[in-house]
Amino acid sequence: MLHAAFVRSPHAHARIVAVDPSEALALDGVVAVYTAKDLDWLAPMVSTGPMREGVVAQSRTPLATDVSRHVGDPVAVVLARSPYLAEDGRDLVEVEWEPLPPVLDPLAALEPGATLVDEALGTNNISHLEQSVGEVEEAFAEADHVTRIRFHSGRSTAAPIECRGVVAEYEDRAGGRYNVHSSTQMPHLLRMLMAPVLGVPEGRLSIKAPDVGGAFGLKCSVFPEDIVIPAVARLAGRPVKWIEDRWEDLAAGVHSKDMHCTMEIAAKADGTMTAFRGHFVTDSGAYSSIPFTPLVDSQVAGVYLSSCYGVQNVAYAVDNPLTNKCQIGAVRGVGWVPGQLAREVAIDELARALEKDPVELRLQNMIGPEVYTTPFGQTYDGGSYTASLEKARDSVDYAAFRERQAKAREEGRYLGVGFSPFVEPTGWATSSAAAGGLPNGFFDTASVTVEPDGSVTVTTGLHSHGQGHETTLAQVTADELGVPMESVRIVFGDTDTSVFGMGTYASRSAVLGFGSIHESAVQVKDRLVRLAGAMLEADHTDIELVDGVANVKGVPGKSVPLQQIALFGYFGGPARPDDVQRDGLTATSGYNPGETYANGCGAAVVEVDVRTGLVTIEQLVAVEDCGVVLNPTIVKGQVAGALANGIGIALLEDLAYEDNGEFVSGSLLHYLYPSTTEVPDLTLHTIETPSAVSAGGVKGVGEAGTISAPAAIVNAVMDALSPFGVVVEKTPMTPEYLRELLRAAESNGSAPARH
Amino acid sequence: MKTRQGTVAVELTVNGEKRVAAAEPRMLLTDFLRHGLGLTGTHVGCEQGVCGACTVLVDGQPARACLTFAVQVEGGCVDTVEGMAEPGALSDVQQAFRAEHGLQCGFCTPGMLASTEALLQENPDPTDDEIREYLSGNVCRCTGYQGIIAAVRRVANERKAASRDA
């Protein structure tokens, strides 16, 4: 096995004049150095995700050919006998660079005449979309009050504790075959997207992703390394292993949520909100990420803008300027987070302007719990919109808090509370994708087999990287079949052994997993009860399967264990039903549900130390309604982890570039995320509104906390600092940033006297 | 293996067993454990000493294996997650993490377990604040720490109850 290390650009934007590998190759233990020239037999990587009018496809080579476009852009790969030697070799590769002016300001990148990040495209703006429904202009013209805010949602990423990795070999026989171990969260889609670049049919590419140490959306992109490692394994004729280091993860994986938002609300004097209008500009980085493109942030901020409010006049525009930074891709909460920030911060601003209570103002404008179609055509499957907000309000003891807040202010202490009710599209399938503006099909399949000994094997194309599918999907199977959960094995993460599936992301697996397994298990169970009926000489409608034993209802003692039923099913001769003789005890079904939307509300109580700018979270509440809860422990775990991520986004996480494009957040010393001392004991509540459309009434849950928490925390900080009249316009709200705002307030006299 | 720096034999006690393997002087303890000795339970999250995933006990004290050279622990004792319980069994700390849903992807878990062992050695009955302070050098991206704090509290209580009963 050889080990790979990548030579990466230290420049934001530079022409690659020459690459000289001779010193590296002279080092004992270095086996090869490859550049883009050596990989010219590969097809380009093309971002073809949600293509339509207004969206430009971008093509790239996995190793930069003539120009590097961000710090960390790979330009060469060194193969050596150990990872240490590979890194030694990497340091000896001489690259001659000609630095070019970097494009760093996404708004300037949209101006005519701006330097182009990718000259082949002829523009920096790789997607401009807009949509308007109702009488938006009229509503703003007739409004008693218009609130307009700007908000910059900061640049963060997933940074799972386990970085990415690719191990690949090429078998040069029988037409050639790539075997790839990958840390992906979507094995089949990765195979589908890699195969044409490598120039092989999908059947000659196998992806194995057994255990993955956290992903959070980051690992559902296709990266240059996914292509380069199998390609160089083929060139070198030996297996090659690459394990990403943390600097590479932070500099050259995907970034997320860096969005410049403008949000406007038109309202009547009584607080009725009549129109929303948003403009969302994603600082898209140098490459359009594959497959989801930066629209995964900007567009979803726009298309779900009306959220849980009954506003009928809604418009948005999105732009995706390329810049010389790391690409923007899918990370937990995606563009819902900036969209939620923009809308909910604006609603609090409206409440302050109208001198209305922010909770009452929201309740006044909320939709009811029934099925509801939004102006942009999403059909919600019922939810606890007002009930969630009321529950969150009560959880922070709102009335008492206001008294406590007033008293604290007299002592020079600044407490604040903020709310953030949300709707989260979940269970990503064809209809929900279409409703979100992504014209692609999504479904999933599961195969359920009762083995001859009565144990159960389920294969799925979903993937688990911490969500506990081995538990919940086994539970679902066991419930449906009437077998002990311990007898069920869930198989995933291998394109050779699992049925085709779209993978796990976008809070989809509870819905798709439940549905596809349910559909399959129902068929297998039907066969089992007919077999048991034949064995027990009873009508199959009288058979019940409980805990791995078939009983005849109401006839104690008349029973047969599943093991015997299964054996009979496989080898019982002509006494078996025809379909069992033909199909055995395996059923494979797909599932493609209607639109499901989880909802809930976040609430934060914070204290801001106005001398230091430090925000302390006193209480963080999540009310979560993900429909019928499959496993309360796992739901709580998902919500808690997502909330911690939200705390990071609100207060800590910042992938920063210097004015020259240098990347300065390349370690976990600089890119901070919450530890045990930043995440308080969380207040978690559940409301169950069964989905009106999905099997079992299930909705997804993975991203909710990340969507709700940042806006709740920003609103709480703004509430705390309302005596200073400061306007928070970005995340993360670092102490430095808040002190800057407070200093300005102090110098212009709007701050209260110091105690 | 011929390398730039040459190799030396490193002898140490790992999980109570004497082990010897060759290492370059620059080889990190993480790589020595994982690739030299095949003990892949010690995880590598950042190689910057920040995330805590690689935490092992060196002579009973928690240490970042990613900031330690293998040669530095020559003659010493290293305890990794593999040594916490017999194969097929779980230690009380591991059992508590499982019971309290103190892990999701599990990547940070070996380091969390090592730090928890060290904490409870130093302070058998920590307050929640003390647990949070002690574990603040081990980051977890999945759980939001709720189950982790609860797991540590659970072990402390169980051990306290057991010693009362003894």
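Predicted model: local features only at pLDDT ≥ 70, side-chain atom pairs only at ≥ 80, totals over all residues.
Domain bounds come from an automatic or database domain assignment.

**Stop 1**

Select residues 8-83 of chain B for domain 1, then residues 92-165 for domain 2. Colour them separately. Their C-alpha centres lie 22 Å apart. Where they touch, domain 1 of chain B gives 14 residues and domain 2 of chain B gives 12 residues.

Stay on the domain 1 side of this contact. Select β3 (55-58) and β4 (61-64) of chain B, the elements that give two or more residues to it. β3(B) gives the most, with 3 residues. What classes of residue make up this side of domain 1 of chain B? There are 7 nonpolar and 7 polar residues, and no charged ones.

**Stop 2: where chain A meets chain B**

Show both chains. The contact takes 33 residues from chain A and 30 residues from chain B. On chain A, select α2 (83-92) and α18 (632-652); each supplies at least two residues of the side that touches chain B. The largest share comes from α18(A), with 6 residues. By class, this side of chain A has 15 nonpolar, 13 polar and 5 charged residues.

**Stop 3: a pair of helices in chain A**

Select residues 469-481 of chain A for α14 and residues 509-536 for α15. These helices pack at an angle of about 30°, with their axes 9 Å apart. The crossing of α14(A) and α15(A) is right-handed.

Now show side chains. From α14(A), the residues in the contact include A:Leu473, A:Val476 and A:Leu481. Among those they meet in α15(A) are A:Phe514, A:Ile517 and A:Val522. The residues of this contact divide into 9 nonpolar, 6 polar and 2 charged.

**Stop 4**

Go to the open sheet of 3 strands in chain A, in the order β24-β25-β26. The pairing is antiparallel. Which strands are at the edges? They are β24 (543-546) and β26 (559-561) of chain A, each pairing on one side only. The twist averages 20° from one strand to the next.

Zoom in on β24(A) and β25(A), residues 549-552, which pair over 4 bridges. Pick A:Glu544: its bridge partner in β25(A) is A:Asn551.

**Stop 5: backbone exceptions**

Most residues other than glycine have a negative phi, and most peptide bonds are trans. The next picks depart from that pattern.

Select A:Ile290 and A:Pro291, which are joined by a cis peptide bond with omega about 5°. A:Pro291 sits in the loop between β16 (273-282) and α8 (295-303) of chain A. Next, select A:Thr731 and A:Pro732, also joined by a cis peptide bond, with omega about -5°. A:Pro732 lies in the loop between α19 (704-720) and α20 (735-747) of chain A.

Now pick A:Asp397, whose phi is positive, near 50°. A:Asp397 is in the loop between α11 (385-395) and α12 (398-410) of chain A. Then pick A:Ala506, with a positive phi near 55°. A:Ala506 is in the loop between β23 (488-491) and α15 of chain A.

Is A:Ala506 buried or exposed? A residue counts as buried if 20 or more other C-beta atoms lie within 10 Å of its own. A:Ala506 has 30 within 10 Å, so A:Ala506 is buried. A:Asp397 has 14 C-beta neighbours inside 10 Å, so A:Asp397 counts as partly exposed.

How values were computed. Residues numbered from 1 in each chain as written. Chains lettered and ligands numbered in written order. Contact = placed C-beta atoms within 7 Å. Nonpolar A, V, L, I, M, F, W, Y, C, P; charged D, E, K, R; others polar. Pairing = 2+ DSSP bridges. Axes fitted to C-alpha atoms, helices over the stretch in contact; angles between N-to-C directions. Left-handed = near helix turned anticlockwise from the far one by under 90°. Buried ≥ 20, exposed ≤ 12 C-beta atoms within 10 Å, placed from the backbone.
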